Amino acid sequence: MDDRLTSDRVATIAAATPFQLLYEFYRLSGYEQRRHEPGVLDFTFGDPHDPPSEAYVEILREALIPQHELWFAYNFGDAKAIEAATESLRRHIDLPFEPDDVHLTTGGFAAISIALKIVGDLGDEVVYSLPPWFLYEPLVLEAGLVPVKVSIDRQTLDLDLDAIAAAITPRTRIVIVNSPNNPTGRIYPPATLERLAKILDEASERNGRRIFLISDEPYNRIIFDDARFRSPLEFYPWSFLAYSYGKTLLSPGERLGYLAVSPTMPGREQFRDAIEAVQISGGWLFPNSSMQYGLPRLEQLAFDIELFQRKRDTMVAALREIGYTLSVPEGTFYLFPQSPLADDVAFTQALDREGVLVLPGRMFETPGFFRISLTATMETIEAGIPRFAAAFRAVAAAQPEAAKAAAAPTG
Ligand code: PMP
């Protein structure tokens, strides 16, 4: 008798590298206990640290008051919510989105999962760049697809287009692009997206089968310095857009997002019923009806970009002054500095000894870096700076050459 209770399929998903790295992080760092200790400063995950805004709470409260007997009935997508999401999409991205192309989901997770399944056949390959958002791999495996990882250009933090082109095979069906990027904060420039579109077009021709692009853009409204975000959808018609309200509204536990099909995709009508079918068969991936009713007003809530820009500027300036090497993020709420030790896990342990928790680059399959989340409060950031300095000095004292080399500017 085989006494393993899980299916082979689930065993494969549970063994995915990012889950292993997350388990390892939780187990070895004692994170769960450590983050609640007094005086410990938590810069790890993008969870909110400030109390939710009154306006947000009020919108949810109102959305829970039934206005008719069907208020809490099965809800495939409230028409007013879809209209509001579509209008907002048109304002943010210069494309003529239509309500029929916008499908409300339980956040970005579900939007990505649906997009993977709607075009991916079992065994098809999905290309994405490291450092990734760590849950692409399990989502790809769960869809029965094969992850294919390439690295970004670690100097410019831009996509490495040659590496993407080289990773494409006759089984490639999907390329995932995440801009603004978690964890690097990079917004991929139009020239990169234009060249990527050309590569995907040519490879599709060669393969005799279309390669689709999933643009994972939950941070597309968290943009600094009045930079202009350009969506990959503007460059490549065979694209899906996955969006989550969890970032802009700093409320990832309240699930709300959408999957939008590019309005320039030829034949996109084929997806309309199919997406709904996958949402149902995938386990009812529609948001709760109350979140749908709240959406038009939630759309109007502004993200406090000035506050986050201040946090970014304070932290970047202080870290550079200390001697860290890091690029200035153009969007998102993350920093991705180089680790002053080649062993980023050892360096995050040095930070931990100062009472500062961050994620090692190893968690993003990109050793030699670490990630700081700026969802920490301004007070935490200010209290953290001397500790980042102390950890830097401690490793420099222990390993002067290694720290000096890592701190050398890379241009
Ligand atoms: N994509 C990226 C790049 C993310 O950082 C996240 C959340 N950390 C998601 C997708 C998923 O967002 P949500 O949990 O709001 O669905």
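Select strand β7 (residues 239-244) together with β8: the two pair in the antiparallel sense over five bridges. Strands here are DSSP runs (E, at least two residues), numbered from the N terminus, and two strands pair if DSSP finds at least two bridges between them. Within this pair, Ser244 stands opposite Gly257 in β8.

This is a predicted model, in which local features need pLDDT of at least 70, side-chain atom pairs count only at pLDDT 80 or more, and totals for chains, interfaces and linings use all residues. Residues are numbered from 1 along each chain as its sequence is written, and side-chain values use heavy atoms, without hydrogens and water.

Five of its five residues are buried, so the strand is largely enclosed by the rest of the structure; buried means under 20% relative accessible area (1.4 Å probe, protein chains only). Gly257, Leu259 and Val261 point one way, Tyr258 and Ala260 the other.

Go back to Ser244 and show the ligand. An N or O atom in the Ser244 side chain is 2.5 Å from a ligand oxygen atom. The Asp216 side chain has an N or O atom 2.6 Å from a ligand nitrogen atom. At Gly108, a backbone N or O atom lies 2.7 Å from a ligand oxygen atom. The protein covers 93% of the 400 Å² of accessible area that the ligand has on its own (Shrake-Rupley method, 1.4 Å probe).

Key: Buried means under 20% relative accessible area, exposed over 50%, partly exposed in between (1.4 Å probe, protein chains only). Helices (H or I, at least four residues) and strands (E, at least two) are DSSP runs, numbered from the N terminus. A polar contact is a pair of N or O atoms within 3.5 Å; within protein, one must be able to donate a hydrogen and the other to accept it, and residues adjacent in sequence count only if both atoms are side-chain atoms.
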